[in-house]
Amino acid sequence: MTLTVLQRLEAESMHIMREVVAECERPVMLYSIGKDSSVMLHLAMKAFYPAKLPFPLLHIDTTWKFREMIAFRDATAKRLGLDLHVYVNPEGLKMGINPFTHGSALHTDVMKTQALKQALDAYGFDSAFGGARRDEERSRAKERVFSIRSAQHQWDPKQQRPELWRLYNTRKRKGESLRVFPLSNWTEIDVWHYIHLESIPVVPLYFAKPRPVVWRDGAWILVDDDRMPIGPGEAPEMREVRFRTLGCYPLSGAIDSRAATVPAIIQEILQTRLSERQGRMIDHDQSASMEKKKVDGYF
Amino acid sequence: MSSPDVETYLRTQERRSLLRFITCGSVDDGKSTLIGRLLYDSKMVFEDQLAALAVDSKKVGTRGGDLDFALLVDGLSAEREQGITIDVAYRFFSTDKRHFIVADTPGHEQYTRNMVTGASTADLAVILIDARKGVLTQTRRHSFIVALLGIRRVVAAINKMDLVDYSRGVFNQIQRDYDECAARIGLTDVTCIPVSAIHGHNIAARGPEMSWYDGPTLFEQLESVEIGHEEASRPFRMPVQWTNRPDSTFRGSAGLIVSGAVRLDDPVRILPSGSDSRVARILVGDRDVDTAASGQSVTVTLTDDVDVSRGDVLVARDAPPSVAGRW
């Protein structure tokens, strides 16, 4: 019996998750609501069936996520009976940090990176699953599946541990924690192919449909609510668009697309000449910016 | 491509096999450049990445403003500043026949430990050799580690042939040297290919420069080399990772089958305790199956209420491993 590439990836991801549950005291799954999180969650449901998920989910809410993401998150938690924690950085909220006035770098640092560190400390989680894939970005391509973080949640890319065969090292010093990436070896196409085969629900924003958008800084930004300031010379227009990745709505560029089904999305990805993260403003706010964020503790 | 074509494409994808390989060898032999070239030639580099590469190549490149493919894989700031590879990077590309996961490993002696991490999951090793320098200490060291980790298939890519005037004599001499080195450490399946990663010669395409060479290009070799899954034909073994016990009605042992296959009602033994039982249920995810094979993550329940927990191994009762108390 020869396994397909997807069957191998599925088995590997399940093996990784079981290893964490067997060896770590307080695991948590970082749930970002995106397609990768959907696949990771689906794999986890399989890995621990018939038991319920032996860990909670954590969503770091920047309060600037698309409304459809929040609706999807709550519906998913209900449908699967998940133990979902939602955390917002209270100081950032008090200060009114937002991407429009404070810029993407500060907003991401306060509302995502600092918020994540606060939440992990507050709940005392010692290991956190993330849906990052190595094909997404060049510093992620360098990270181990089990990535050790200091007590300050920092990643030191020059001090990564050996990680041989399927032997994963879960030992930590006091205060240290692990970020674990079960989808490390999946590609964008693998994720969509698997969503297609397994009929995994994803946020409707991935599918093309006419939406009100504004052209800003080289990207189509969705006017998701009335907090979005419309500048002089800007006029929202209805365009048939979809999102290749989802984050905070003011920082996620939509692409012109007619792909309204999963096969159509796969077809579009095969034909496109641009990478997945091209619509992510936060990747481009400075050179090597993903690596800097990871070093600071971003997942 | 219309929708039915996508379905066809996806079915083809499902038939494709997976080859994991590493690139290794001494520092500056062109490993990262080779991977950059593989990605570029298999059209896996996107326009925005190419634009970023062009900017980076001007800023920190070592190619006098030409595209420096190594910058596609050297993803850490410290690597880009110094122009070296510190840790292993994983990259993904596909051809019509195969899906590839390649680990680009560091050549520096002090980062050999990171090369080992990359090598441990590889089916094949591409060992680069600088045609001007021939077989070096680090070439031998990496070859030895490759052999030690059980990688049987090796491609020795004699790189930078452009810098030795595409000389057949130089290639033949290095091939002889390397074959001798490989034979001594027990590597028997070695293919030597003369390449120029910078120019792409004998990577995806041939050129008139080395018309004397009639062996496979690197792509041809990677696409056609047989991936033996020898573990499939060995007896059943499954290390137990975790006990799944949601309530009193279900107790299953979760794990990844490392060799052989298991069927319903198969007699199994639990090691090290030596207790015997039979397979009652096999779950792949939430699906009950009659049989499962090496490479799959499963949950197995047994017909008897025997002690089995993390660290134990489920094995075929009719072909158990030999157990010893001392070496």
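Begin by selecting helices H2(A) and H6(A), whose crossing is left-handed; as with everything on this tour, what you see there belongs to a predicted model. H2 covers residues 35–48 of chain A and H6 covers residues 188–198 of chain A, and their axes come within 10 Å and cross at roughly 55°.

On H2(A), the contact is made by A:Lys35, A:Asp36, A:Val39 and A:His42, and on H6(A) by A:Val191, A:Tyr194, A:Ile195 and A:Glu198. If you colour them by class, the residues of this contact divide into four nonpolar, one polar and three charged.

Next, select A:Ala44. Apart from its neighbours within four places in sequence, A:Ala44 is in contact with A:Met17, A:Met29 and A:Leu53. Widen the view to the largest nonpolar core, which has 95 residues, and in which A:Ala44, together with A:Met17, A:Met29 and A:Val180, touches the most other members. To see which element gives the most to this core, select helix H1 (residues 5–23) of chain A, which contributes nine residues. A second, separate core can be found by selecting B:Val73, B:Val102, B:Ile129 and B:Ile203, which are among its 59 residues.

From there, turn to the boundary between the two chains, where 47 residues of chain A are in contact with 46 residues of chain B. On the side of chain A that touches chain B, the elements to highlight are H1, H2 and helix H7 (262–271) of chain A, each of which gives two or more residues. H1(A) gives the most to this side, with nine residues. Coloured by class, the side of chain A that touches chain B shows 23 nonpolar, eleven polar and 13 charged residues.

Finally, hide chain A and look at chain B as a whole. Displayed as a cartoon, chain B has nine helices and 16 strands, and its C-alpha trace spans about 70 × 55 × 40 Å along its principal axes. Of the 327 residues in chain B, 42% are buried. If you then draw the contacts in chain B with a separation of 6 or more, 67% of them are accounted for by residues 24 or more positions apart.

Definitions and conventions: Residues are numbered from 1 along each chain as its sequence is written. Chains are lettered from A and ligands numbered from 1 in the order in which they are written. This is a predicted model: local features need pLDDT of at least 70, side-chain atom pairs count only at pLDDT 80 or more; totals for chains, interfaces and linings use all residues. Helices (H or I, at least four residues) and strands (E, at least two) are DSSP runs, numbered from the N terminus. A residue is buried if 20 or more other C-beta atoms lie within 10 Å of its own, exposed if 12 or fewer, and partly exposed in between; C-beta atoms are placed from the backbone. Two residues are in contact if their C-beta atoms, placed from the backbone, lie within 7 Å. A nonpolar core is a set of buried Ala, Val, Leu, Ile, Met, Phe, Trp, Tyr and Cys residues joined through C-beta atoms within 7 Å. Axes are lines fitted to C-alpha atoms, for helices over the stretch in contact, and angles run from 0 to 180 degrees between N-to-C directions. A crossing is left-handed if the near helix is turned anticlockwise from the far one by less than a right angle, and right-handed if clockwise. Ala, Val, Leu, Ile, Met, Phe, Trp, Tyr, Cys and Pro count as nonpolar, Asp, Glu, Lys and Arg as charged, and the others, Gly among them, as polar.
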